[in-house]
Amino acid sequence: MKKFLYIVAAAALAVSMSSCASAEKMAKMADQVKVTCNPEVLAVKGGVIPADLTVTYPEKFFAPKAILEVTPVIVYEGGEEALEPLMFQGEKVDNNYRVVARDGGVVNQSLVFPYKKGMAKSTLELRGRCTVDGGKTWVALPTKKVADGCNITETLAGHGYYGVKADGYQEIINLNPEGQVMYQINSSEVRSKELKNDSVNDFLKALDEIKANDRETLKGIDIVAYASPEGSEDLNNKLSDNRSKSADKAFGKITKKSGIEGSAKSVKSVGEDWEGFKSLVTNSNIEDKDLILRVLNMYSDPKVREKEIRNMSSIFQDLAKDILPQLRRARFIANVEYRNYSDEELQELIKTDIDVLDEPALLKAASLCKDKADKKTLYKKAVEKYNSEKANFALACVALDECNVEEAEQYLALCSGADADVLNLKGVCAMRKGELDKAEVYFNNSNTADAQKNLGVCAILRGDYAKAAQKCGDKGVDAALAQLLAGNTDKAIAIAKCKCPKAQYVKAIALARQGKNTEAKEALQKATEGGCKCLAERAANDIEFANL
């Protein structure tokens, strides 16, 4: 019995030693395994790092009962990123791994690593171990480095194009206070009571206020006379002409003491006032007014218009009573330029008397602030006081400037969902979250100039450089970057004219790829000078400049 146990133990030991020997032999022969990587230098494309490996196993390397586990790992500043192990087996292993014959062979394997910050300076390693006893004992294989460095040029893509809405602030505001005198039917005489009506009195007060306000300048006066569109067109034109003359004389009387005699003045006779007629009818409660408006649109001949309207006898009575008398008039119109607050005055008013500022003025004042906290304070004031949608939109832009996507989305929820600029900004939020499909829907629905450029940025982030070159156009950093990534270095250099650091950085890469190292150094110096710390740090590890 003891002899039998000894024989069994000896056999087991022999098998174990044989197994270990086979595994150790594979470890010793590991340097004969050839691995090539395409590309030789890794590169970020579409937000990931793809690599195609070709592994050539020599003859007699792979034991028939061996299982080989290979773990691809990117080692970079800040950590490691390992993929799931790749499993291979010999010809006599009963499993579902990829089989490698004892006679050797070639295995192709595609890898895709997620990109993480810091991978510009990195190596791709294969870490292996093998077993020939079903996993009871494992023997480590030497780590094999297959790629060194990673090109991260794609990550220069912008974070989206957007901007606050126009504030609507006018440095010069055109004001047109006016008064008018009314005439009786078929008369061009200005009755004395008309010179004292409320409209004229308000007009004269406005003229006095213009003189007293150093922000207002009277540029001229327009006197415009009309006739109601009834009766002969020739008669009405003559009547309008006579009314313009009598109105001019009346204007001289009422403004005799106003001190505006030297102001430019124009006197005009319009004739039949069809435009005024249409406006009054549109805003009236006259029954069948839609029928009247239809007649005006169908016929342009004044005679035909009047005939068709008179044919509607009951309606014409209402017109003669309520509409036509309002058209027998002459208007006095002052053309006034109001000089709004200057930039300096706005900056002072937000400190001393902010409540005098209207919505456009608050938005304008916010645009003058360099500090984002001050901007937000003014935008919030505009929201509080005027429920300003423009201010909510601007707050979303500031939040994105500060890389706070969640806050930006909260402000956008308070804006009109159908607004093209809002759709574009929602797309920028989605793009920054990596939701490119969603972002592209927003950009397509927006269809603004910024949205079209953002579609180009999406194409860069997807790794579709040909489409990016088409969408990004021929201006801006992303346009230059798209051409660079598409392999068009000359176009990239031509587009990167801007003196901004990022444009010069893209230009430096393009020149370096062309082997123009001296020019590349000059562009890189422009990109990193002036305290541009982030690009200087990037350049230190950027494989694009390995030959500089």
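# Briefing on a predicted protein model

Asp-421 is partly exposed, because its relative accessible area is 30%, which lies between the cut-offs of 20% for buried and 50% for exposed. The structure is a predicted model.

**Asp-421 and its surroundings**

- Asp-421 belongs to helix H13, which comprises residues 420-432.
- The side chain of Asp-421 makes a polar contact of 2.9 Å with the side chain of Lys-165.
- Beyond its neighbours within four places in sequence, Asp-421 touches Lys-165, Phe-393 and Thr-448.
- Phe-393 stands 28 residues away from Asp-421 along the chain, yet their C-alpha atoms are separated by 8.8 Å.

**Ser-228, a buried loop residue**

- Ser-228 is located in the loop that connects strand S15 (216-227) with helix H3 (233-254).
- Ser-228 counts as buried because its relative accessibility is 5%, and the cut-off for buried is under 20%.
- The side chains of Ser-228 and Arg-328 are joined by a polar contact of 3.3 Å.
- When neighbours within four places in sequence are set aside, the residues in contact with Ser-228 are Asn-236, Arg-243, Glu-272, Leu-324, Leu-327 and Arg-328.

**Backbone features in loops**

- The peptide bond between Asn-38 and Pro-39 is cis, with an omega of about 5°.
- Pro-39 is placed in the loop between strand S1 (34-38) and strand S2 (42-43).
- Cys-403 is not a glycine, but it has a positive phi of about 65°.
- The loop that holds Cys-403 runs between helix H11 (389-401) and helix H12 (405-412).
- Cys-403 is classed as exposed because its relative accessible area is 61%, and exposed residues are those over 50%.
- Asn-447, likewise not a glycine, has a positive phi of about 60°.
- Asn-447 sits in the loop between helix H14 (436-446) and helix H15 (449-462).
- With a relative accessibility of 52%, Asn-447 therefore counts as exposed.

**Helix H19**

- Helix H19 (residues 501-513) has 13 residues, so at 1.5 Å a residue it should span 18 Å; the 19 Å between its end C-alpha atoms agrees with this.
- The buried residues of H19 are Ala-503, Gln-504, Tyr-505, Val-506, Ala-508, Ile-509, Ala-510, Leu-511 and Ala-512.
- Among the elements that cover these buried residues are helix H17 (477-485), helix H18 (489-495), helix H20 (517-528) and helix H21 (533-541).

**Nonpolar cores**

- In soluble globular proteins, nonpolar side chains tend to be buried together.
- The largest nonpolar core in this model contains 76 residues.
- Within that core, the residues with the most contacts are Tyr-379, Leu-400, Leu-425, Phe-443, Ile-460, Tyr-505 and Phe-545.
- Helix H11 supplies the largest share of this core, namely nine residues.
- A second, separate core has 42 residues, including Leu-68, Leu-124, Val-139 and Ala-147.
- Phe-545, leaving aside neighbours within four places in sequence, is in contact with Tyr-505, Ala-508, Ile-509, Ala-512, Leu-524 and Ala-539.
- Of these contacts of Phe-545, Tyr-505, Ala-508, Ile-509 and Ala-512 are among the buried residues of H19.

Note on methods:
Residues are numbered from 1 along each chain as its sequence is written. This is a predicted model: local features need pLDDT of at least 70, side-chain atom pairs count only at pLDDT 80 or more; totals for chains, interfaces and linings use all residues. Side-chain values use heavy atoms; hydrogens and water are left out. Helices (H or I, at least four residues) and strands (E, at least two) are DSSP runs, numbered from the N terminus. Buried means under 20% relative accessible area, exposed over 50%, partly exposed in between (1.4 Å probe, protein chains only). A polar contact is a pair of N or O atoms within 3.5 Å; within protein, one must be able to donate a hydrogen and the other to accept it, and residues adjacent in sequence count only if both atoms are side-chain atoms. Contact means heavy atoms within 4.5 Å. The expected span of a helix is 1.5 Å times one less than its number of residues. A nonpolar core is a set of buried Ala, Val, Leu, Ile, Met, Phe, Trp, Tyr and Cys residues joined through side-chain atoms within 4.5 Å.
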